[in-house]
Amino acid sequence: MTSSAPQDLVVTQAGLADWPVISGWAAAEGWNPGLSDGPAFFAQDPEGFFLGRIDGEPVSAISVVNYGADYAFLGCYLVRPDLRGHGHGLTTWKTALAHAGNRTVGLDGVVAQQDNYRQSGFRLAYRTIRFTGTAPEAAVPVGVRPATTGDLAAITAYDAACHPADRPRFLAEWLTTPGHRAFVRHDDGRLTGYAVLRPGHDALRVGPLLADTTEDARALFTALTAEAAGRELAVDVPEPNADGIALAEAAGLAPSFETARMYTGPVRPHAQERVFGVTTLELG
């Protein structure tokens, strides 16, 4: 898939080797991407990442990652600051969006771009608030333990109930990537939630934090803060989850950033009330 603009922009699929360029731009925007996100992102859809180049030099980026036949997620929409305002972003957008076909597309849009997304057919579902601060001292609660490879099937099924699409390839990488710490909570042998902590450029990032109840979420979040104690921590909480916001505030975290979850159409029913922390703003 290739497209050229009058300014000689050429948009092609990006590979994992291009990820440092994309994540570096995201870090410069203050988005705090995870240090080891690339392999899991590309595992979900290795054809879903794009770079725009002029004379071989990268100037724009975007991802449109397909999840099955009905859903895709748009992220990593970036243009090099010194080349903005020339239409490179729009050309990159149009080229990459074709990869989604007729799927419903979701995104987490920064405030400055939300009007543009509305003009492209995206509609607001809810706001997401990033909370950041120093993780408090804590001890891992009873009933929470580190996830093992034996938990993968149960986590994958649980995740599918909380997300607009199944994502087994992504999770297989996400849960085992070096530096990622995953925890599970059980009640009578039944999984009642899981959570992941990973290193980012500016702070450790929580994502996802999925749980049946506030008590489950609090126990998992406490396990993460025990791992992160004394270090900067960030968690992206859907605004409709008031208990999730209260949980972040009780840990001494404060709002620092917001996005809008937007969709171009319907998504399958899923347990949004269990989402106390979004997995990533890049892939949903």
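Q: Helices of at least four residues and strands of at least two are taken as DSSP runs, numbered from the N terminus. Which element gives the largest share of the lining of the largest pocket?
A: In this predicted model, β5 does, with 6 residues.

Q: What is the volume of the largest pocket, and which residues lie nearest its centre?
A: The volume of the largest pocket is about 680 Å³. Its lining consists of 32 residues, and Tyr-77, Leu-78, Val-110, Gln-113 and Tyr-117 lie nearest the centre.

Q: Which elements give two or more residues to that lining?
A: They are the strands β5 (71-79), β6 (104-110) and β13 (254-263), together with the helices α3 (88-97) and α4 (114-119).

Q: And how does the lining of the largest pocket divide by class?
A: It has 15 nonpolar, 12 polar and 5 charged residues.

Q: Turning to the second largest pocket, what is its volume, and which residues lie nearest its centre?
A: The second largest pocket has a volume of about 230 Å³. There are 19 lining residues, with Tyr-126, Cys-162, Pro-238, Gln-272 and Val-275 nearest the centre. Two or more lining residues come from each of α5 (152-162) and β14 (275-277). By class, 8 of the lining residues are nonpolar, 7 polar and 4 charged.

Q: Is Cys-162 buried or exposed?
A: Cys-162 is buried, because its relative accessible area is 5%, and buried means under 20%. Within α5, the residues Ile-155, Tyr-158, Asp-159 and Ala-160 are buried as well as Cys-162.

Q: What covers the buried residues of α5?
A: The cover includes the helix α6 (168-174) and the strands β9 (181-187), β10 (190-198), β11 (204-211) and β14.

Q: Since cysteines have come up, how many disulfides does the structure hold?
A: The number of disulfides is 0. Another cysteine, Cys-76, counts as buried because its relative accessibility is 7%.

Q: What does Ile-22 contact, beyond its neighbours in sequence?
A: Leaving aside neighbours within four places, Ile-22 is in contact with Cys-76, and also with Ala-14, Leu-51, Ala-61 and Leu-78. Ile-22 belongs to the largest nonpolar core, of 37 residues, where Ile-22, Phe-41, Phe-49 and Tyr-194 touch the most other members. Apart from that core lies another, of 27 residues, including Phe-131, Val-144, Leu-204 and Ala-251.

Q: On to the backbone: where is there a cis peptide bond?
A: A cis bond joins Gly-207 to Pro-208, with omega about -5 degrees. Pro-208 is part of strand β11.

Q: What is phi for Asn-32, and where does Asn-32 lie?
A: Phi of Asn-32 is near 55 degrees, a positive value. Asn-32 sits in the loop between α1 (19-28) and α2 (38-44). With 4% relative accessibility, Asn-32 counts as buried.

Q: What about Asp-188: buried or exposed?
A: Asp-188 counts as exposed, because its relative accessibility is 82%. Its phi is near 60 degrees, again positive in a residue other than glycine, and Asp-188 lies in the loop between β9 and β10.

Note on methods. Residues numbered from 1 in each chain as written. Predicted model: local features only at pLDDT ≥ 70, side-chain atom pairs only at ≥ 80, totals over all residues. Heavy atoms only, no water. Disulfide = S-S within 2.5 Å. Buried < 20%, exposed > 50% of the residue type's maximum accessible area, 1.4 Å probe, protein only. Core = buried A, V, L, I, M, F, W, Y, C linked by side-chain atoms within 4.5 Å. Contact = heavy atoms within 4.5 Å. 1 Å grid on protein atoms, 1.4 Å probe; cavity = no way out; pocket = protein on both sides within 12 Å on 5 of 7 lines; lining within 4 Å. Points joined across faces, edges and corners; volume = space filled by probe spheres on them. Nonpolar A, V, L, I, M, F, W, Y, C, P; charged D, E, K, R; others polar.
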